[in-house]
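Please follow the chain through the picture below, keeping the sequence beside it so that each residue can be found as it is named.

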Amino acid sequence: TWQVWTIYMVFATNLSEEQVLKQACPSCDATQLCSCSSMGLDFIPPGLTGKITMLNLAYNKIKHIRSQDLQQAVNLRILLLQSNKISSIDEDSFHSLGKLELLDLSNNSLAHLSPVWFGHLFSLQHLHLQGNSYRDLGESPPFSSLRNLSSLHLGNPWFSAIRQGNFEGIELLDKLWIDGSRLVQYEPESLKSIKKINHMIINLRNTKVFSAIVRDLLHSVTWLEVREIKLQIEKKSLVQNSTLPFRIRKLTFKDAWFTDRYVSRILVLLKEITSLQELESIDCVLEGKGAWNTEEIASSGQSFVETVSIINITIPNFHLFFDLEGLESQLKNLKRLTIVSSRVFMVPCNIAKHFSSLVYVDFHDNLLVNNRLNETICEGAWPSLQTLNLSQNSLKSLKQTTNSVSRLPTLINLDISQNKFGEIPDVCEWPKNLKYLNLSSTQIPKLTTCIPSTLEVLDVSANNLKEFGLQLPFLKELYLAKNQLKTLPGAAPVPNLVALSVRRNKLNSFSREEFEGMQVGAVHLSLMECHRSLVVSAICVLVFLVILILVAVGYKYHAVWYLRMTWAWLQAKRKPKRAPPKDICYDAFVSYSENDSDWVENTMVQELEQACPPFRLCLHKRDFVPGKWIVDNIIDSIEKSHKTLFVLSEHFVQSEWCKYELDFSHFRLFDENNDAAILVLLEPIQSEAIPKRFCKLRKIMNTKTYLEWPPGEEQQKIFWENLKGALKS
């Protein structure tokens, strides 16, 4: 009776947990994706199972994560817990989440970070911890076990200190984002332990901390983005005895504040970073009028920067801004220049002439007018320019605009869209090599021979065009969307056209002439063009038959299984030869034949696991993870064991799985450390009986001592002592 009652209670408990889960999160009932965000929950609902791969509990009221809350969710890949009220987490709350790839704990109330939380998250790639209340990262390295981490976001308005060792264990990051707006303490070399960072973003206001961080990142970061900084004068060098070569390629300032004095100083300091190729400013403020120390800048040598982007800069006194005379020598190596949404109304002619290497200029969304454009593109200015974007300015005359750009002999791409031209002349002067022209949204009512015949791409979308009849023999792409066309353009005037966009017009009928090109007699059609459906059907049938044959052959000869085996073997070979000591779970993984299981399980296991101190053995029957592919079980067990113990016998040699265990272990065990393998001969066996492909194992049997199971009790005592000694070594 009590047994029935126990079974009933277990069943009732499981049923009640499932009901609670279904009520709290209806989406969890029949899907792997469990979305429970914004539901007012103050607890993690019970009943979470191994079928769930994504759990979203964001924007709730959860305060505490208990050990048992996520214990059964062993297949979880994504766990979203941001914007709750979490202030405490049990140390082993995440221990069962070995497959977790993304963990978001941002915007909670965590006052400290514990390394124990992340100790078993071996697959974690993305970790978000920003917006909590911790002031530092603690005494112990919190991320040392996260070997697969790709992106890390941390910090908050109270985060004030970074110390040496905080990032120990992290070697490579794609993205590191630190909210350090109140960061005042930075121990030198704290970030040096990270060997490579593709993109680092840091919110920072302290100039001294900025300089120290830059020095530590010279050899590791590729793109450094600094936000919210109010830069002050810093006299120390940014490289300070650092050795070449540097890695940093791009430096971005966003929401930063500059003065004229600091602009002069930072331009000098950045020249020391010889690897720096791109400089970017986004949404920044310049308190000044361009009164820079041009003598100091010029005397400090040539800049290595090739790309400069200035987006939405605010200059309160922009109407008083100087013309940057004296900086001409710093411009000759610049190749790409972007100044967008910054109220630029002119570039002085004497400055424009010194951009000798510039091939790309983007001035869209500024205040350029035609008479200022005429001075900006004076004779001899921008001599190498190939691409020019003047869209969304205040240009009013297409005639004057074309006269100005005709002075650019190498220009290929021109964008003058979103200017209010209104009219188009019959004849225009253009650069002789112009191939791309964007005249969209310019309010032109028609197209005339002003359009150059050299074009390969023409965009005249969003105008008032009612027809298109231009002769453009080289045109490949034509964009006519959002016009007033009632008929399609003829094919004869654009014989090389491959792309045509006519959406959102007033097309209501098509004439035969609109589809006529060359005469049918002059067209040579392939079999595919004449009988497309027949050819496609034949190809599909052929492909289907080939797939069917491959599936049949693969099924007969177990091809899929062998492919999985090969893939697992290749993955195993790429792994480190030794697992970290913290990952070792067993004293030995025991490889044996099923026919020898009686001796292994009833004799050896009892002797070793009941010893003092006991040994931890890994047996496939007992310790392999249920439901996991057996090859993965073998590889994981070998990696998590200090030794591998082979119980050799005639049965062992004939066992296929024993061969696979040898296959996955021999390259790891015998390449550099012969002592990692222990050979026990349960019965006499010749080394020649071992498969020839395990030549290293055969060699060891011929050259090294191994343990033989003796028949006598006295000798067996010596055998056990020797085996225990080998396991301890």
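This is a predicted model: local features need pLDDT of at least 70, side-chain atom pairs count only at pLDDT 80 or more; totals for chains, interfaces and linings use all residues.

The rings of Phe-118 and Phe-143 form an aromatic pair of the tilted kind, with 6.2 Å from centre to centre and 35° between the planes. Phe-118 lies in the loop between β6 (102-104) and β7 (126-128), while Phe-143 lies in the loop between β7 and β8 (151-155), so the pair ties together parts that are 25 residues apart in sequence. Phe-118 and Phe-143 also belong to one aromatic cluster, which they form with Trp-117 and Phe-167.

A further aromatic pair is made by Tyr-134 and Phe-159, whose rings are arranged edge-to-face, at 6.0 Å centre to centre and with 75° between the planes. This pair links distant parts of the chain, for Tyr-134 is in the loop between β7 and β8 and Phe-159 is in the loop between β8 and β9 (161-162), 25 residues apart. Tyr-134 counts as buried at 0% relative accessibility, and Phe-159 is buried as well, with a relative accessible area of 0%.

The charged end of Lys-230 sits over the ring of Trp-257, at 4.6 Å from its centre, and the charged end of Lys-250 sits over the ring of Trp-223, at 3.9 Å from its centre.

How many of the 11 residues of helix α2 (residues 207-217) are buried? The number is 10, so this helix is largely enclosed by the rest of the structure. Among the buried residues of α2 are Val-209, Phe-210, Ile-213, Val-214 and Leu-217, and Arg-215 and Asp-216 are also included. The elements that cover the buried residues of α2 include the strands β11 (185-186), β12 (196-204), β13 (221-227) and β14 (250-254), together with the helix α3 (260-270). At the start of α2, a side-chain oxygen of Asn-206 reaches to within 3.0 Å of the backbone nitrogen of Lys-208.

A disulfide is a covalent bond between the sulfur atoms of two cysteines. A search of the whole structure finds 3 disulfides, and one of them joins Cys-25 to Cys-36, with 1.8 Å from S to S. Cys-25 lies in the loop between α1 (2-24) and β1 (33-35), and Cys-36 lies in the loop between β1 and β2 (54-56), so the pair ties together parts that are 11 residues apart in sequence. Cys-25 is buried, with a relative accessible area of 0%, and Cys-36 is likewise buried, with a relative accessible area of 0%.

Another disulfide joins Cys-349 to Cys-378, with an S to S distance of 1.9 Å. The torsion about the S-S bond of Cys-349 and Cys-378 is about 85°, so this disulfide is right-handed. Distant parts of the chain are linked by the pair, with Cys-349 in helix α5 (residues 349-352) and Cys-378 in the loop between α6 (370-376) and β21 (387-389), 29 residues apart. Cys-349 is buried, with a relative accessible area of 19%, a value that falls under the 20% used as the limit for burial, and Cys-378 counts as buried at 10% relative accessibility.

A disulfide also joins Cys-428 to Cys-450, with 1.9 Å from S to S. Here the torsion about the S-S bond of Cys-428 and Cys-450 is about -100°, so the disulfide is left-handed. Cys-428 lies in the loop between β22 (413-415) and β23 (436-438), and Cys-450 lies in the loop between β23 and β24 (457-459), so the pair ties together parts that are 22 residues apart in sequence. At 16% relative accessibility Cys-428 counts as buried, and Cys-450 counts as buried at 1%.

Two further cysteines may be looked up in the picture: is Cys-284 buried or exposed? Cys-284 is buried, with a relative accessible area of 0%, whereas Cys-612 counts as exposed, at 80% relative accessibility.

Note on methods:
Residues are numbered from 1 along each chain as its sequence is written. Side-chain values use heavy atoms; hydrogens and water are left out. A disulfide is a pair of cysteine sulfur atoms within 2.5 Å. Helices (H or I, at least four residues) and strands (E, at least two) are DSSP runs, numbered from the N terminus. Buried means under 20% relative accessible area, exposed over 50%, partly exposed in between (1.4 Å probe, protein chains only). Rings of Phe, Tyr and Trp (its six-membered ring) pair if their centres lie within 6.5 Å; planes under 30 degrees apart count as stacked, over 60 as edge-to-face and the rest as tilted. A charge sits over a ring if NZ of Lys or CZ of Arg is within 6 Å of the ring centre and within 35 degrees of the ring normal. Contact means heavy atoms within 4.5 Å. A polar contact is a pair of N or O atoms within 3.5 Å; within protein, one must be able to donate a hydrogen and the other to accept it, and residues adjacent in sequence count only if both atoms are side-chain atoms.
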